[in-house]
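Trainee: Please take me through this fold, one feature at a time.

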Amino acid sequence: RNQIHRKSMQSERVKKVTQAFIRGILSEKDEHVLFQTLTTLSLVVGNLVDNLNNEKFAKVPYDNKRIKSTVTDAKGGLEFIVAIGWQKNVIDNRAFWTFDVQDPDRVDALKNARVQIDERKELLALKIEGAVKALEREKKEKEARERLVRERFVTDREAFDETQELRGGVKDSIAHVPVKGIAVLAPATTQEEAPMRLDDEEGA
């Protein structure tokens, strides 16, 4: 019973540490950065949990760029790494993160952490995927609206041009229709019918 109680308490502690770590990241970064952090942790922790008898997974260089940039440099990162069982040790004048796979309590804490990490990573992946799909849907809807506006503009322009052409045609037709009851006298164009000039009158 005591062992069960201890594991339960440890699981709750790891859960709280994990949540605090995640809140710390989100207080300074965005969800994409958090996803990168969880991906790194899932890889490191998962490899160790699945290969407890392989020493190479129980030792990670302290200055590992990926772990440093996504985990230990993040707010609460160092506290989290230590809380789930990792320790800093110097081996052959080089610093490493090491894990004692012979300590059952540490192994239990690591397994609990893996569950927390993978669950949160999966939820975050779904959320990010949903956000990406929403952005894509919004982009398509915007493009559809813009296309509709362009099509309406072209249609309205064509209708306007047709109206202008019809109006111009009506005006031309009216200009060529004779007005009933009005005689239009054309000026004389031949020499015989031309009006007398003043010098002709004087000569007469």
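Mentor: Strands pair if DSSP finds at least two bridges between them. This is a predicted model, in which local features need pLDDT of at least 70, side-chain atom pairs count only at pLDDT 80 or more, and totals for chains, interfaces and linings use all residues. Residues are numbered from 1 along each chain as its sequence is written, and side-chain values use heavy atoms, with hydrogens and water left out.

Trainee: Which residue in β3 is the bridge partner of Lys88?

Mentor: Strands of a sheet pair through backbone hydrogen bonds, either parallel or antiparallel. Here Lys88 has Trp97 as its bridge partner, and Val90 stands opposite Ala95. Two residues lie between the strands of this hairpin, where Asp92 takes a positive phi near 55 degrees.

Trainee: In what order do the three strands lie in the sheet?

Mentor: The order is β1-β3-β2, in an open, antiparallel sheet. β1 (59–61) and β2 (86–91) are at the edges with a single partner strand each, so one side of each has no neighbour in the sheet. From one strand to the next, the twist averages 35 degrees, taken between axes fitted to C-alpha atoms, with angles from 0 to 180 degrees between N-to-C directions.

Trainee: How many helices go with the strands?

Mentor: Helices (H or I, at least four residues) and strands (E, at least two) are DSSP runs, numbered from the N terminus. The protein has six helices and three strands, in the order α-α-β-α-α-β-β-α-α.

Trainee: Which residues line the largest pocket?

Mentor: A pocket is an open set of points on a 1 Å grid over the protein atoms alone, where a 1.4 Å probe fits, with protein on both sides within 12 Å along at least five of seven lines; lining residues have an atom within 4 Å of a point. Among those lining the largest one are Thr40, Leu43, Phe57, Val60 and Arg66. Its space is about 160 Å³, a volume filled by probe spheres set on the points. α2 (31–50), β1 and α3 (65–72) each give two or more residues to the lining, and α2 gives the largest share, four.

Trainee: Where is confidence lowest, and where is it highest?

Mentor: Where pLDDT is low, the predicted coordinates should not be read in detail. pLDDT is the predictor's confidence in each residue, from 0 to 100. Helix α6 (residues 198–203) has the lowest mean, 50, and β3 the highest, 95. The protein's mean is 78, with 76% of its residues at 70 or more.
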